Amino acid sequence: MYVDNGAGQTVARWNAGQVNVQYSVTTAIFGVTCRFSYELLSFSVLLFHSNSSNVGSLIQLTALSSLQSNTTQEGEMHIIVESVSIRGGSAQVLNVRSAAIDLPFTIFTTVLSIYSQDNALRVIDADCEGSLRASLFGRVESAVVSGGSAQLFQSSGASGVFNLSSVHLFDVSVSPSLLDVQQYNDDFASKMVVHLSNVTCNGCSVLSENSDGVVRVGGSVMLVLSPSCLFLFNTYTSTFPVITLDKGVTAPTIDSTVGGENECVRGGEKGSECTSDSAWFHLEVAASSSLSDGGDGASLYLLSISDGGFVGNHSMLLPQFSDEVVQTTNVDAVGNYSRLTEHLSCPFGYAYTYTITFRQEYDTRLENGPYFCSNPISSTASSCDALAYSAEAYCTPCSSGTISFLRGSADANRVMVPRQDHATQHDDVHCRACPSTFLCAGPASIQAQAGYWFPSLPRLWQYTNGAFDEKEVIVKCLSGACQPDSPLKYTDGSLDLSTSLCTSGRDMSSPLCSVCMKEYSADLLSDKCIHQSPSSAWPVTSVLFFVFAFMLVLAYLVFLHLKPLTPQSPWLRIVLNFYSVIGILYTSAGGGGSFVIDGALQILSIFTSTSSNTSNSDSSFYIVIPGAQPIDVYLAKGVLSASVGLIFVLSMILRYLFARAQHRDNIRKRLVFGLFSVLLISYSSLSDIVFSFLPCTNVTVLHPLNSTLPYSTGGFIQQYESESRLLIHAEWDCWRIHPFSVFLLVLGIAFVFGFPFGLLIWQGLFPSGDRWVHQLVQRFSTLKCLQGRRTKEKDRSSSSIRASSSSQTTSRGKGTSWSGVSLLFLLEGHLRVWYWDALLFYRRALFQLVFVVMPIGVIQQSLFVVLTAVVLVLHVHFRPYDSLAANYTETVSYLLLLFVNMLNFPAIAFSSVTLQETSDSRAFLQSLSRAQSVLAFVGLLLLAVVMGGVYSLKLCSSVRSCRRRSSKGDASRRRRKDIHMATSLELDMELTECSPEREIRGP
């Protein structure tokens, strides 16, 4: 009989030897209701293919107990299913229902070549419960199941032999179990033997709501697994053990198809004729139910044999015995019969424990001959007691508040520790308290606090067994280096690849995220690394940026050469002081970018009605040098400043050499004044670079030892070592290791603090009554003169800079001139407080020092507040500039700095407490960061507007002054012209009057 699927394709072929078989066919479901005829009945499905969402049972066999016959002939059923392909929905290949049948019957089944995708698949389900003489022989071979759920074999009440071979499951949810075989009877001779060979379950899951474990065996069942079997579970949340063996009247056994290397025993003694111990299959669980609750999770049982029966039964847990009855003491059994387990692995953070327990149990077989309970085999045992056992292998999680990134495994500790009546194999995972910078949610589930770096936790535990110094391993990063979009997470010991320790684009394997990932390059405007291969061409934006920067530097150098020698403007000081400090405040709490770009984009988003939920770190404007690393960008700032100063000095030297003698004095003044202007602009960058090389930190680095493993072929033993590295670039050793580095660093620090101090002394030595340096020098000089020469000198000093400048000619005439008065006037011309420049230089240096040396936290931000507040009070008190607008503008800038500084505290407090980041907290912190960037940009824009207004007024004043001078010049020229015309007229009149006389006198 042929059944078509509606498309002309053969679905099934039916051959029956009897006519008393009832059948029905519906669509793609082939159902058979049969009365067992005790003759040969064969059924073959050659090909079945379905994309239906609900296939049901491909073959349904139901034996009707009401149609039984009195014959004693055994009935047989032969079923062959080949090439089954099912996608989606649910399906069952073979469903046998033959419960409570008193007559003997045998079913032979063969299922070949199954493919199932995203389907709720049950291959064979045979319910023969209550049928006392039901036999089932068959095999399932060459099956591939991808996705969905699956149960391979379920049988109850049947004896026989069943083979599962070359069955591969991928990403399958086991439901209700993968293998469920029950045979509860009192017949020692009949049993169900199930062979598993090359059965793999990779990436499978077992969920608590619909699973009874993976393998359930009960009663008179022998489970035989080959070493090629592999079970890897990504998730296991069922409360049932992975493999359960339950005893009925007889006990089930678990054995292997391959023997090991241990010797066997005979009747409690070692013997040479026995088979060897068994090789184990592979079983690994990656995650368990207790990982997500963060509390004390329950143990996960990999193997549970509550009553394994007598030790004479074949089992991979015991040596093989030639005798079925073994009598010995529990202590001797622990020492002689305990065998190691292999290839059983727990999840991360779970310790592995295997325990086998021996006991004495009454054995009814000893009631008969040759024993009769009066001739015990061993005099140490009671006459009818034989040795029995129970065993369990389980995983115990770390207690609440502790973590571990080791996996307990049977292979990690191959030592059995004997006790009184049991032996234990244990592999500890060295749990330790959850670090303060982690938010721990389970034995191996953590979320790291942003701003810290540490090596791979599984590798760290692997090489240290959890015995490490937390302060040396978990290290605070340089500001901006460890500010990821999503903080690092480990879930069940596995790294969440969507998270990171580092700022976007940086390599997490590099100490302190110091370098970019492969095929990434550093961004000049932020702390990120952008996907830009080192061998790729320069982006257009980068080329335009550097062309613009070159033109700007060139224009600035020309300006320094041509600028009139007038006193230094207070507005440049105000802008530079604000810009240098606001950048520090913006990045000290993880701003991680350019506040100019971020602020401009945030303001633009308001006017263009774009979403404001985007983080300020998501700016799409980048300046990238292909192949550049963050340290290269960092050093480039100092190189640029030094280059500008060097080019200016060289150009001024050349100008000096070719200048006339009368102009050289002016060139010297221009050189000094220009260098001061360059240092005024680049001082923060230079001090930042110098101070950044000061902090060193201990970084844990994995290094191979010099000696090789004695049993390996050239392999190296590795261990973690703590090394002192530079915080700014942890790929480099600390400066203390290299003497030349020490010299350069001392030289840099001397320059940073020595330049303002030298400027202060030079200004203070000007002979004026309000300069305490000059007064102090005069006092020491007077005391020296009184002690040495006993002479008196009169101290003469001018009262002010302007008075000194105006009386310079007079002073020179008297021989009391001060050679630096003109330069002093250029530097202090608009200052009312002579030491204000030195104070501002030290303020900028202290900000840089606190930013670099102090770790990111509340103390650092508090020091920023103190520095800003102190300078603000001094500014309000002294009003250092001669311009009222300049004083008011800088007061506003200080208030903006203070406000931006205060906005850093919520983010700092949140990170220091190690709270779990939620969408609400992330949105709140991002809103604060956006507010900071807007305030910073508005402050800089305000300074630009005020400066533009001030210089516009000066320009208008200059134009009006020129016009007035021009009009005055025209009037004077007209007056001179009128006088000239009047003089000419008078001369003409005189000549006219004299002309007749000459005419008369002429003849």
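Colleague: Let me start with the whole chain. How many helices and strands are there?

Modeller: The chain has 18 helices and 42 strands. Since you will be looking at a predicted model, please keep that in mind throughout.

Colleague: And what share of the residues counts as buried?

Modeller: The chain has 1003 residues, and 46% of them count as buried. Taking contacts with a separation of 6 or more, 76% are between residues 24 or more positions apart.

Colleague: Now the cysteines. How many disulfides does a search of the whole structure find?

Modeller: The general idea first: a disulfide is a covalent bond between the sulfur atoms of two cysteines. In this structure the search finds eight disulfides. We can walk through some of them.

Colleague: Let's take C201 and C204. How far apart are their sulfur atoms?

Modeller: They are 1.9 Å apart, and the two residues form a disulfide. Both C201 and C204 are buried.

Colleague: Is that disulfide left-handed or right-handed?

Modeller: For this you look at the torsion about the S-S bond. For C201 and C204 the torsion is about -120 degrees, so the disulfide is left-handed.

Colleague: Which parts of the chain does the disulfide of C346 and C395 tie together?

Modeller: Begin with the bond itself: the sulfur atoms of C346 and C395 are 2.0 Å apart. The link is left-handed, with -80 degrees about the S-S bond.

Colleague: What about C477 and C482; how far apart are their sulfur atoms?

Modeller: Their sulfur atoms are 1.9 Å apart, and the pair forms a disulfide. The torsion about that S-S bond is about -65 degrees, so this disulfide is left-handed. C477 and C482 are buried.

Colleague: Let me try the accessibility reading on two other cysteines. Is C128 buried or exposed?

Modeller: C128 is buried, with a relative accessible area of 2%. C956, by contrast, has a relative accessible area of 40% and is partly exposed.

Colleague: On to helices. At what angle do α8 and α14 pack?

Modeller: To read helix packing, look at the angle between the axes and the distance separating them. Helix α8 (residues 661–692) and helix α14 (residues 836–853) pack at about 25 degrees, with axes 8 Å apart. Angles under 35 degrees count as roughly parallel, and α8 and α14 are therefore roughly parallel to each other. Their crossing is right-handed.

Colleague: Which residues meet there?

Modeller: From α8, F676, L680, S687 and D688 are among them, and from α14 the list includes F841, R844, Q848 and V852. By class, the contact of α8 with α14 has 10 nonpolar, four polar and three charged residues.

Colleague: What does S687 touch?

Modeller: Leaving out residues up to four places away in sequence, S687 touches V752 and Q848. S687 is at 1% relative accessibility and counts as buried. The C-alpha atoms of S687 and L846 are separated by 9.3 Å, although the two residues are 159 residues apart along the chain.

Colleague: And D688, buried or exposed?

Modeller: D688 counts as buried, at 12% relative accessibility. With residues up to four places away in sequence not counted, D688 touches Y634, Q848 and V852.

Colleague: How do α14 and α15 cross?

Modeller: The axes of α14 and helix α15 (residues 858–878) come within 10 Å and cross at roughly 170 degrees. That makes α14 roughly antiparallel to α15. The residues that meet include L839, L846 and F847 in α14, and L863, F864 and L867 in α15. By class, this contact of α14 with α15 has 11 nonpolar, three polar and one charged residues.

Methods. Residues are numbered from 1 along each chain as its sequence is written. This is a predicted model: local features need pLDDT of at least 70, side-chain atom pairs count only at pLDDT 80 or more; totals for chains, interfaces and linings use all residues. Side-chain values use heavy atoms; hydrogens and water are left out. A disulfide is a pair of cysteine sulfur atoms within 2.5 Å. Buried means under 20% relative accessible area, exposed over 50%, partly exposed in between (1.4 Å probe, protein chains only). Axes are lines fitted to C-alpha atoms, for helices over the stretch in contact, and angles run from 0 to 180 degrees between N-to-C directions. Helices (H or I, at least four residues) and strands (E, at least two) are DSSP runs, numbered from the N terminus. Angles under 35 degrees count as roughly parallel, over 145 as roughly antiparallel, 65 to 115 as roughly perpendicular and the rest as oblique. A crossing is left-handed if the near helix is turned anticlockwise from the far one by less than a right angle, and right-handed if clockwise. Contact means heavy atoms within 4.5 Å. Ala, Val, Leu, Ile, Met, Phe, Trp, Tyr, Cys and Pro count as nonpolar, Asp, Glu, Lys and Arg as charged, and the others, Gly among them, as polar.
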